[in-house]
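Subject: Structure handover

Hi,

Here is the structure for you to pick up. My notes on what turned up follow below it.

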Amino acid sequence: MSLLSMAVCWIDEATVGGVCEGGGTHWEGDGVTGSKKKLWHIDALFVSLGPTGVTVRDRLEGLTPEDEKVLRLVGGHMGALASKDLKARCADGLEHGKETWAARKRDLTVESSSRWAGSVTKATHDQWALSRRGQAAYLDSLDTGIKTIAHRLSLPVGEKGTKRAPGGYRSRHEWFVKSRRLAALEERYAAARVDGEAGRVHVVRGGRKLLNTRHNLAAAGLTEAEWRARWESARWFLAADGESGKRFGNETIRVSPDGEVSIKLPATLAEYANAASGRYVLAAKVAFAHRGTEWADRIEGHRAVAYRIHLDVARGRWYLDASWVRPVVRTMPLEAARAAGMVGVDTNADHFAAWHLDAHGNPVGEPRRFRYDLTGTATHRDAQIRHAITRLLHWAKRCGVRAIGLENLDFTAETTREKHGRRKRFRQLVSGIPTGKLRARLISMAAELDMVIVAVDPAYTSQWGAQHWQKPLATPSRKTTRHDSAAVAIGRRALGHPIRRRTAPPLQHQSDAGGHRTVQAPSGIRGREETRRPVTDRAHDARSRAGTRRTRATSRASTTVRDARSDQTWVQDSLLIT
């Protein structure tokens, strides 16, 4: 739930599940106390845009020792130039302009080429912009922590908190420790703010995590030589931006339709060229198994394709990545996405909880759960997420829907240590959900199956889903969990329906008088007030299915001798006996 959008709705405290959705207030209960409670504004839902880029990878097999030598030389040389350019860009700070950019590019062109220099400066600007965004997020995190600690320090020790604000600290010792932490956070905030106002960023080419690993080689299970090899390869620069209209879409790193890879060598390494125009042709051939046809169409049409060559030191393998920009595709209209129903998905730390809903918001079939394990290495976590998303999408495709309702989650403000105090396990749980990566991967994979993602505000979905749907959807053979009911709430919000169920009529009107009206279709559907047809073979409709005349008599047979059926007839005698 977005805590920055503060438009507030008011409901009675006795009213459960009241909501301000789509700009209006929907009441779900009868208020009896007259007291009011604030609710967060529910942001409007939207259809997520499809992927704007594509990346494919293939291994460079069959490289000769000379090929590897040239790749290392080019990567090391261009990496040194990229480090120098990044240092110059960070020194410029907010004073950067077109003139300084042009000057840096001219200096790089002397030692490489104009195209290599263009790729280096573009990568430098992207890195600097990314660091600025990270710096702004760091300042926001520090500011949130400072405000939370200051609020709790202002309260008496031991005072209990509320649902919307934490209370005081438990003991004097904890109060003192947090006062020292407040001073440390304020000092960090002041230093980071000075850097932000000056446009100063702190960047490590190769990654700060790998740099700090140098001080803990034993814990990482690496020798100094192994770490040095990883560090040097991470700082190489072997990437080239694509150029439309040029041969095969790239003049610096060129891949022909038959898979031949050639590199335009920098000016200082021209002596290693083995082809015309200062190019070096690798012995390895590439053939992109995934999206190979799309890639071939682009290079044959001389459209831009960017390439990157990198080394996996642990495996000793070289890889080539090809990427290109997709044209902007018009997103499926929301009405078309809702026409065939929706699959509501509740994202959790270890699984997706999903339920299929028809166009009227009624749950169909059984809930599904797609598990994944986010422990272990980053490669393992990524594979687990991809496998779970693949199973989810294939099941949704079999259900016949064209859209998936998903919460627009953002736990940036929820992971601070000061917000949840000692709840370390909960903080780790929230931080472990890869919301950004998961959403991006789900959108890109759904686009390949001609499906769209409808992002909804996650506010109150778990609370109201459990309140209105958990118990009604439970059966003797199925236990509905809170996550399953949250999936129903998310799907209904994506379909534009209120999360609450329709209020049930009085008991005397639930069968013969008006029909059971809970969870029925909207007012525009004919027959909405009729009784629902039975879904199983029951005794009360056996006569109609057998073609016999139905009577109003009960089908329950008597168990006494007095009421046993007989073939004799009963005749009443006359009252006057003569």
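Of the protein's 578 residues, 37% count as buried. Please keep in mind that this is a predicted model. The secondary structure amounts to 16 helices and 17 strands. Take the contacts with a separation of 6 or more: 64% of them join residues 24 or more positions apart.

Core first. The largest nonpolar core holds 41 residues. L60, W295, Y307, I309, W318 and L320 have the most contacts inside it. Helix α1, residues 65–92, gives the most to this core, with six residues. As a general point, nonpolar side chains in soluble globular proteins tend to be buried together.

W295 is one to click on. Setting aside neighbours within four places in sequence, W295 is in contact with V255, S256, P257, F288, V305, Y307, A322 and W324.

Next, helix packing. Two packed helices are described by the angle between their axes and the distance between the axes.

Start with α1 and α2. Their axes are 11 Å apart, and the packing angle is about 160°. Over 145° counts as roughly antiparallel, so α1 is roughly antiparallel to α2. The crossing of α1 past α2 is right-handed. On the α1 side, the contact uses H77, L81, K84, D85, A88, R89 and D92. On the α2 side, it uses T100, R104, L108 and E111. By type, the residues of this contact are three nonpolar, two polar and six charged.

Now α2 and α3. Helix α2 covers residues 98–111, and helix α3 covers residues 114–153. Their axes come within 8 Å and cross at roughly 135°. That angle makes α2 and α3 oblique to each other. Here too the crossing is right-handed, with α2 passing α3. From α2, the residues involved are W101, R104, K105, L108 and T109. They meet S114, A117, G118, V120, T121, T124 and H125 in α3. This contact divides into four nonpolar, six polar and two charged residues. R104 and L108 of α2 take part in the contact with α1 and also in the contact with α3.

Which loop holds S112? S112 lies in the loop between α2 and α3. Its relative accessibility is 6%, so S112 counts as buried. Not counting residues up to four places away in sequence, S112 touches M78, L81, A117, P266 and A267. Two of these return from the helix contacts: L81 belongs to the α1 side of the contact with α2, and A117 to the α3 side of the contact with α2.

Further along α3 is L139. L139 is buried, at 18% relative accessible area; the cut-off is under 20%. Beyond its neighbours within four places in sequence, L139 is in contact with Y189, A192 and R193. L139 and A191 are 52 residues apart along the chain, with their C-alpha atoms separated by 10.0 Å.

Last stop: helix α6, residues 217–220, where L217 is found. Is L217 buried or exposed? It is buried, with a relative accessible area of 15%. Leaving out neighbours within four places in sequence, L217 is in contact with L222, T223, E224 and W227. L217 and W227 are ten residues apart in sequence, and 7.8 Å apart from C-alpha to C-alpha.

Best regards

Conventions:
Residues are numbered from 1 along each chain as its sequence is written. This is a predicted model: local features need pLDDT of at least 70, side-chain atom pairs count only at pLDDT 80 or more; totals for chains, interfaces and linings use all residues. Side-chain values use heavy atoms; hydrogens and water are left out. A nonpolar core is a set of buried Ala, Val, Leu, Ile, Met, Phe, Trp, Tyr and Cys residues joined through side-chain atoms within 4.5 Å. Buried means under 20% relative accessible area, exposed over 50%, partly exposed in between (1.4 Å probe, protein chains only). Helices (H or I, at least four residues) and strands (E, at least two) are DSSP runs, numbered from the N terminus. Contact means heavy atoms within 4.5 Å. Axes are lines fitted to C-alpha atoms, for helices over the stretch in contact, and angles run from 0 to 180 degrees between N-to-C directions. Angles under 35 degrees count as roughly parallel, over 145 as roughly antiparallel, 65 to 115 as roughly perpendicular and the rest as oblique. A crossing is left-handed if the near helix is turned anticlockwise from the far one by less than a right angle, and right-handed if clockwise. Ala, Val, Leu, Ile, Met, Phe, Trp, Tyr, Cys and Pro count as nonpolar, Asp, Glu, Lys and Arg as charged, and the others, Gly among them, as polar.
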